Structure formats: structure tokens, C-alpha cells
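Here's a quick briefing to read alongside the model. Have the sequence and the 3D view open as you go.

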Amino acid sequence: MEWETVIGLEIHAQLATRSKIFSGASTAFGAPPNTQACLVDLGYPGVLPVLNGAAVRMAVKFGLAIGARIAPRSVFARKNYFYPDLPKGYQISQYELPVVSNGSVEIETEAGGSKRIGVTRAHLEEDAGKSLHEDFKGMSGIDLNRAGTPLLEIVSEPDMRSAKEAVAYMKKIHSLVRYLEICDGNMQEGSFRCDANVSVRRKGETKFGTRCELKNINSFRFVERAINHEVQRQIELIEGGGRVAQETRLYDPDRNETRSMRSKEEANDYRYFPDPDLLPLEIAPAFIAEVKKTLPELPDQKKTRLMQQYGLSAYDAGALIASRELADYYETVAKTAGVEPKLAANWIMGELSAALNKDNLEVTASPVSAAMLAGMLKRIQDNTISGKLAKEVFEAMWAGEGDADAVISKKGLRQITDASAIEKIIEDVMSGNPGQLAAYRSGKDKLFAFFVGQVMKATQGKANPQQVNELLLKKLKG
Amino acid sequence: MHTKTLAELARDLRARKYSSEELTRACLARIERFNPDLNAFISVLREQALTDARAADVRISKGGAGPLTGLPIVHKDIFCTRGVKTSCGSKMLDNFVAPYDATIVERLKTAGTVLLGKTNMDEFAMGSSNETSFYGPVKNPWDPRRVPGGSSGGSAAAVAARLAPAATGTDTGGSIRQPAAFTNLTGLKPTYGRVSRYGMIAFASSLDQAGVITHTAADAALLMQAIAGFDARDSTSVDRPVPDYTAELERPLKGLRIGLPKEFFDKSLDARVGDAVHAALAVYRQHGATVHDISLPNFWLSVPTYYVVAPAECSSNLSRFDGVRFGHRCENPLDLMDLYTRSRGEGFGAEVKRRIMTGTYVLSAGYYDAYYLKAQQTRALIRQDFLEALRQVDVIMGPTAPTPAFGLGEKTGDPITMYLNDIYANGVNLAGLPGISIPMGFVDKLPVGLQIIGNYFDESRLLAAAHQYQLETDWHTRIPKGFE
């Protein structure tokens, strides 16, 4: 039996405002519990919410970036349920009339093509606080620092057909919100979270299967694993004669499994209704036009431009635009006179990325600045160093030993390009290995590599490899 | 001095006929003497009041006094008052000391008023008789066997008994106007959005509005000047200039077009109250106003609409009282659900529970469209009726309540008849319009009130119409027996 997976994602992006969505309290992460919760966040009697304009601006920015409709009038509603970390007993969200609707993004598929994923809506809402169940001896602690933090909930259409597509979509949104500077994208701190609606159906079936909502999948890796696990569970269930029950399931990354949290029957009746404390949010065309002017170059635009401007492949350009900072780094290097853009791309995607990963650094914190890398690449291109020596230079720069020229002169890494000097060394090697020379000349071509190795060894790797090749070939012939 | 109006007391203080401290002591003495019977106060702030009065006297002597400096007032216990118990008439908040001042409290404090105490009220402002208070019913100074009206019953009783010259109140469906009518006072409910709701404990957010209960329209104008105006902390407050209410009192009655809705004069109205309205209208006519018959065809929908909208909002607004962060918490909760159910079960009284249940029901999946959404539609019709009428006339007049004050316990067994006592009041809140109740005579020796309803932000016209009437009549000067 062939099965098709259907996935829709709900992404919660914490908006990077300085204060909360309905109060003046700070949104900074990591403060001692309950020190960043004012009376409004605590839901005190008599207090009232006042909407943070910066959050609205960010939502509009996002809407414009995905080609969505910006509602001229949207409404905040109350989602009512009791929980100790929800101080008012309701969450202020948007329900029937969200600020952003009907947008889309393009993702790359595994086959190398591209696919449009619809974004049904994105709405503004406030986050709840946190319940802490450990360390309180049979009681629970409540930290309301996070209560009232602005969130943009981005709801996709059920357009994804594999866990890989879901990850590609999530990465796309992640990159977009960071390009727009509306979310720091920090998944460890919970600034970017994801729930997935997953169902399966037989290939060719047009009706959707019964879906389960997966909660708590807060890394790209977990999204893929959780969805794959859930898909497998649903298929096995149906093939075993069972039925999928509509429910909310929690992903446990330690055991790589999903567990039932609550069934549809147990779901709350949230009794949504328009929040009478807040007026409908009205957005004028002039405001939208003004926000439009602040939009940066978006990832897709940047990719196309990098391909055209620097002659990069789609793959290279796609990798370099992963973040705005990486692309900026690349462009600084590629624009430096005497640097070949393709060479720059190779080094950034190769050595630099590996080094950053190894030391767990952001590109903005790289010990090798864009100018330093460009300086080194120039030395490759003017034949001062070979590509092999360059790796040594790069490591030294990474370790803080100065720029490329300083490292080259300090370590004497300058390449030997003097033909007569190389010839002299070749002659020494030939006379030192008469047996191998005779064998080569009697037809053992493979010994060529042996002579290259000997020459490089004699020059401590500094001889220009291309020249060594050419001169050896000529000399060995005799 | 207890028989004087706020405006007269203000003149006397400025003329140094007596000090704010003397005036405050006189009020406190009357509270001490009469409050044990009336039960108008939840808290009396004796020491704080005297300290504030002395500070006001210093300011007066230095010539830095404003129009309200040194005048004693009382606040309904729904307004958060920093460092003072703010109970909202509920056991739920019996232990709640507000950590901040409501905007209205802050503005009146800044204006130099002296707060004598916090007044009794129906629990969470849900009631029309002040009988739902956790602190017990308030008695009507005109007849101790009768209710003072509600929910601002404590404020009305305190002013009517001359324990304080003026009070704040709140009006969600008549809670300022009906008690004012029952106690022979002037009660103004401003336009929704005219006075900040920040710090006023919410009952039904789209209907709640703060206002004042005073002896005269001129006194109401004085207080309104201090409390009206935009507040950035309340998104529903309106940023619009505040007129000079006192100056506008002089607007003459000549040419004033008064609308008389025929729907207000049906069988539910005590005919003697209707006669009093007509007698009042005669005074208006004498002074050049014209009276026109108008119709509010959807008026009959206002009580049912109100009892969907208000409970719906209250069911959500009162969710924050969960025993977790403040207010009543049950003893030794077994688990979270036990904490919620017992804290709320013990903390809320019967009427509050009834409305939370009604509101939860009308918002539930499957019932929302039939009740809440339908009520929003009928609310729009009610509003349209008023606006249509106010295109033809300047103000609408009628009775504030269908009867004079009813007896204690008379309606507690039947919520519907209790609700119907606000039949003329509810619609004004649903439309968000301003309304004022002023004394217009007596039925069975009990005061009855004339309601004047105006267009949005037309408080000055209402106050002027009330003031001009009070210049021609003396109903508002009558003092209940035993309190002279």
C-alpha cells in the first residue's frame, strides 16, 4: 500500500519587540522569575491591555514578505481557559480576523525543484507564562516573565507531503523572520517554536485523513524525526485495522516517540469572543506603504541576485543566503578586488563553515573576518600560496595569529615559483632515486606521483604544485 | 456644613470659612454616627483622610489650590486605590489591597480631594439593590426598609445621608442612575470612553463606565472636569477635548428639543412615576424647550440583550479570580482543580455565579451564534434607534426606573423582576450614550428620578439641561428625615 503524508505547520515566532505586546514590561530573556511581569502581565484587577505598535509593524512586515493580504481591520479575541500560568484566565489572540492572511513561500524540494507552500494566516497573540513543576516539593512554581510576550502565529496550509518538506518550510520561515529582523529565531530559548498537524492517506485519495497535532517540536531535527515517527505510527495503526483518533500528541525527543496529550473530546471549549478592552486593529494603506519601504532584500531575491552578480550555482547561492549575516560576509569577500567569487563561495561553505560549526560560532563572531579571508584568497590567486598552504594559513588566522600576509611571512609559507629553483630540486630528487627513475622510464607511469611527493617533501610543500607537475613531466622524460 | 453642595463647600474653603480638616472631621463624625445603620461604607479611611485634609489646607493657605482642593469625597469600592482594601463588594477580594491607583482615583487625588472611604456596592457591580454585597445590604436613607438601588448603592446612600458631599460610581446597566433616582441625587453616566476604565475592576468591559453621584448637576460638572479625558492606559478611552462643563451649565433651555419615547410609558411603568415625568417636562416647556414624541422600536430588546452581553463579558473578566495570585484562596487545596473550584465557589456569591454561568453558556460552542452573536446584532439595532431619535431631538427624557425604591428582600427571590428595574437604563449602556438621572419629585414619599439621555460626548448638554431644571425646582435640596 502506498501512503501519502499531509503536513501543516503552526509556527510561533516570538517578535523581537523590547516590551510586551500589551504592557510596558521588558521581554528580555533569562531574568529571575517574575521580575519582568508588571500588573498587566499579572492580570491584576482593573488593569487593561494597550497594544504595542512595534508588534503590529513586525506582523505587517512579515505579511508583506510572504505576499499576503494585510487586513485593514483585524480583531483581538479572548481565548478562555484556566491555567495557573495564564494570569487573566484568557489569552488575547486573533481568531476570526487575523492581521495577515493568504500568503505563501517557495521551498526547494528534494528533487531539486521548488514548491509553493501556502500560509493561511499569521496572527498576533500574547504568550503565556511558564509552569515549573520541579524543585517545589509537591507544588508548582509559576514564572510570568514570558506572559504577554508578543508572538506571531504563522499557520500554513496542509501543503507539505514529507517531513523533509516540513523542515524546508520551517527553515524558510526561520530564515525569513531573521532577515526581517522581527524574531531572533533562537529555538533553545523558545523564540521560534513549532506544532505540526500530521495525517496520512492512501495515494490518490483526495480527502484528508484524520490528523494529529504534534506539540513541542522545537528543533529542525526533532520536526523531521517526530513527523516521521508519527507517520509510521498512523500507517501501522491503519494497516493493523485501527483508526487514527483526532488528538494532540506530545513529542518526547529523548525516547523519539509521541504520546497522547488530550483527545478531541477533552479539548477545551475556548469560548472565543472579541476582546472588549481592545479596539479593532485598523491598518491604513499609508502605514503598509511605509513598512514596505523598510523591507530588506529577501532570501529569494538575494539568491537570484547572487547567482546573476557572481555567477554562482543555485546550490551555492542557496547555501550562502541561509542567513543574512552569512550572505553579507560572502558579499564583502566576493566584492574585494582580485578575489574570484566562486573561490570565495567554496571557502566560505567549506573551511569557514566547518570552523564555525566546530566552535559553535555565528558568522558575525568569526575570528577570521571577511577582510582577512579576502586577503588570503588574493594570495592564492596571485600564486603566493597554494590552496594546500592556504588551509594552514586559514588555521593560523582562526587561531588569532594575524592576517594572511603576516602568517605567510612569519611561517615562511611563501610558495616557490622560481622555475630554476624547482628544476634544481627535481634534479636532486631524480639523482637520489635512480631505481625509481629507471622503473618510471621503463613504463611505470604510476611512479609520477612518487616524484611529486618527493619534490613537495623537499620543499616542505611550498613548491607551486602546477609548476612541479609541468617540470617533472619534462625532466622525467629525459 | 453637611447640607451644602460640593460647589458651596469649595467656595467656603477658598473663603476660609472653615478648613478642609474641619470639614473632613464633620464628615467623619457623621459617618461614625450614621454608617452603622446605613452600611454605606466598606472602608473608612479616617487617618489618611485627615492627613490629606491637612495637606490640602496647607495648599489652600499657600494659594495653590485648585477647584477641588480639600473637598471630601468617597469612591465606590470598585476603584483600585493604592494601599487600600479594594473589595469590589466580594469575599473574593476581601483580602485584596490594591497596589496602584485607578486613573479616576489618581486624577481626583491630584486635584486635591480628600478620600473619606470606600463605599459598599453589589458584588462585582452585579445587582440593582446593593443586596448582593458580601458586606451586607445598604439601607436607603429615605426609608431604612428599602434598598438604595445598585450597584453603586453605598455611594448613593452616603451622599443622600450627607455623610459625604459627592461620590464616584460606575454604571454598567444603570448602576449610577438608578441609585441616584432612589436616593434623590444627581447621577451621571458619561459616554463610553469619556472617563478612563483603568483601575476600575471590570464587570462588562464594553458597557462599564465610571461617573459621579452628587447633589446637583453643577457638582457633577465640577467632578467631571477632573475625571474626564483620554487615558493612554485605556485603549477604549477616547482622545477628544474635554469641554468646560461648569461654563456650559449656563446653556439656556430655550429651543432644546426633548424626545419622549412612547415605549417608556407602557404598563411596566408605575403611573405615578410617569406623572412625575410629565410634570418635569412641563417645567422644561415653560422655559422654552419643545417636547416631541419619538419611538425606539427595538427598546424592548435591551434587557434581554444586556443579559447576554454583560454576563458573557463578566464570565471572562472574572476568570482572573482563580485563587492563584491574589484574592480568596481555599484552605488546603488538594490539587489544581480543587483550588479553582473551591476558591471560586467560596469567593463568589450567588448572583455573580449566576452571571458567570449564563455568560459561559452563551459563549459556548454551539450557542455562540444564537446568543452572543445575536445579542451583538440586537445591540446594533438598539444603538441605531437611539441615534436615529437623536437626529430629531437634542435629548431624550423619561423615567430612570419604573418604580421608586423597592423593599429590602422584595426582589431577591426573582432575578428577572430585579433585572427589569433597569429597563430604562440598560439600553443607554448598550448604545454607549451618556445619561443622567436627576430628582423630579416623590411617589409615596420616596424620590423618583428623571433620566436625560444625550448624544455621544454631549455631557455638557445633559448637565446644562439638568442644571437649568435645578434652578427652577427644589427637589434636589430635599434631605431625608433624620439626616438634616
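The centres of domain 1 and domain 2 of chain A, taken over C-alpha atoms, sit 36 Å apart. Where they touch, domain 1 of chain A puts in 7 residues and domain 2 of chain A puts in 7 residues; contact here means C-beta atoms, placed from the backbone, within 7 Å. This is a predicted model: local features need pLDDT of at least 70, side-chain atom pairs count only at pLDDT 80 or more, and totals for chains, interfaces and linings use all residues. Residues are numbered from 1 along each chain as its sequence is written, while chains are lettered from A and ligands numbered from 1 in the order in which they are written.

**The domain 1 side of the contact**
- Strand 6 (100-108) and helix 2 (163-179) of chain A each supply at least two residues of the side of domain 1 that touches domain 2; helices (H or I, at least four residues) and strands (E, at least two) are DSSP runs, numbered from the N terminus.
- Helix 2 of chain A gives the most to that side, with 4 residues.

**Domains**
- Chain A splits into domain 1 (3-291), domain 2 (297-411) and domain 3 (419-477), with bounds from an automatic or database domain assignment.

**Overall build**
- Chain A has 15 helices and 16 strands.
- Its radius of gyration is 30 Å, well over the 23 Å that the globule rule gives for 478 residues, so chain A is more spread out than a compact globule; the radius is taken over C-alpha atoms, and the rule is 2.2 Å times the number of residues to the power 0.38.
- The C-alpha atoms of chain A fill a box of roughly 95 × 55 × 50 Å along the principal axes.

Key
Contact = placed C-beta atoms within 7 Å.
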